[in-house]
Amino acid sequence: MDRDARLKRLRFRAWHRGTKEADLLVGGFFDRNAARWSMDEIAWYEALMDEQDADILGWAIGTIPVPPDIDGPMIRAMQALDYIPIAE
């Protein structure tokens with residue numbers, strides 16, 4: 001599958017997680033960063049999409065430890081949470 005098709009598929013998966021909180025976190029991260037991802041980073045994100053929402057949310061907000069196979073610069077960027085708009 002080519003890069004554009006993979007990203008299109010991932011964007012759908014990122015924004016249709018099942019809860020609004022997960023959609024905002026996972027989809028917002030995708031929208032902010034995906035355009036500049038390498039093929040390895042796309043593969044990491046594809047693997048992340050197979051994880052449970054509760055785990056992804058816990059890793060992102062720091063309430064549960066990040067497993068070694070997920071840990072790295074991508075999850076640390078997700079943990080910044082600076083890509084989620086906050087309504088005032």
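Residues are numbered from 1 along each chain as its sequence is written, and side-chain values use heavy atoms, with hydrogens and water left out. Because the model is predicted, local features need pLDDT of at least 70 and side-chain atom pairs count only at pLDDT 80 or more, while totals for chains, interfaces and linings use all residues.

**The nonpolar core**

The largest nonpolar core has 22 residues, and F30, W37, Y45, L48 and M78 touch the most other members. Such a core is a set of buried Ala, Val, Leu, Ile, Met, Phe, Trp, Tyr and Cys residues joined through side-chain atoms within 4.5 Å. Buried stands for under 20% relative accessible area, exposed for over 50%, and partly exposed for what lies in between, with a 1.4 Å probe and protein chains only. Two or more residues of this core come from each of helix 1 (3-15), helix 2 (20-33), helix 3 (39-48), helix 4 (53-61) and helix 5 (73-79). Helices here are DSSP runs of H or I with at least four residues, numbered from the N terminus. In soluble globular proteins, nonpolar side chains tend to be buried together.

L48 is in contact (heavy atoms within 4.5 Å) with I56, W59, I70 and M78, leaving aside neighbours within four places in sequence. In helix 3, the buried residues are I42, W44, Y45, E46 and L48. They pack against helix 1, helix 2, helix 4 and helix 5.

F29 lies in helix 2 and is buried, at a relative accessible area of 1%. Neighbours within four places in sequence aside, F29 is in contact with L24, W37, Y45, M74, A77, M78 and Y83. The C-alpha atoms of F29 and D71 are separated by 16 Å, and these residues are 42 apart along the chain.

**Helix packing**

Two packed helices are described by the angle between their axes and the distance between the axes. The axes are lines fitted to C-alpha atoms over the stretch in contact, and the angles run from 0 to 180 degrees between N-to-C directions.

| Helix pair | Angle | Axis distance |
|---|---|---|
| Helix 1 and helix 2 | about 155 degrees | 7 Å |
| Helix 1 and helix 3 | about 30 degrees | 11 Å |
| Helix 2 and helix 4 | roughly 55 degrees | within 10 Å |

Angles under 35 degrees count as roughly parallel, over 145 as roughly antiparallel, 65 to 115 as roughly perpendicular and the rest as oblique.

The axes of helix 1 and helix 2 are at about 155 degrees. Helix 1 is therefore roughly antiparallel to helix 2. From helix 1, the residues L7, L10, R11, A14 and W15 meet A22, D23, L24, V26, G27, G28, F30 and D31 of helix 2. This contact has 8 nonpolar, 2 polar and 3 charged residues. In this count Ala, Val, Leu, Ile, Met, Phe, Trp, Tyr, Cys and Pro are nonpolar, Asp, Glu, Lys and Arg are charged, and the others, Gly among them, are polar.

Helix 1 and helix 3 are roughly parallel to each other. On the helix 1 side of their contact are R3, R6, L7, L10, R13 and A14, and on the helix 3 side M39, I42, A43, Y45 and E46. By class, these residues divide into 7 nonpolar, no polar and 4 charged.

The axes of helix 2 and helix 4 cross at roughly 55 degrees. That makes helix 2 oblique to helix 4. E21, A22, L25 and V26 of helix 2 make the contact with D53, I56, L57 and A60 of helix 4. The contact has 6 nonpolar, no polar and 2 charged residues.

**Partly exposed residues**

R32 is in helix 2 and is partly exposed, with a relative accessible area of 42%. Not counting residues up to four places away in sequence, R32 touches D82 and Y83. R32 and D53 are 21 residues apart in sequence and 19 Å apart in space, C-alpha to C-alpha.

D55 belongs to helix 4 and counts as partly exposed at 27% relative accessibility.

L81 is found in the segment after helix 5. L81 is partly exposed, at 30% relative accessibility. Most residues other than glycine have a negative phi. L81 is not a glycine, yet has a positive phi of about 55 degrees.
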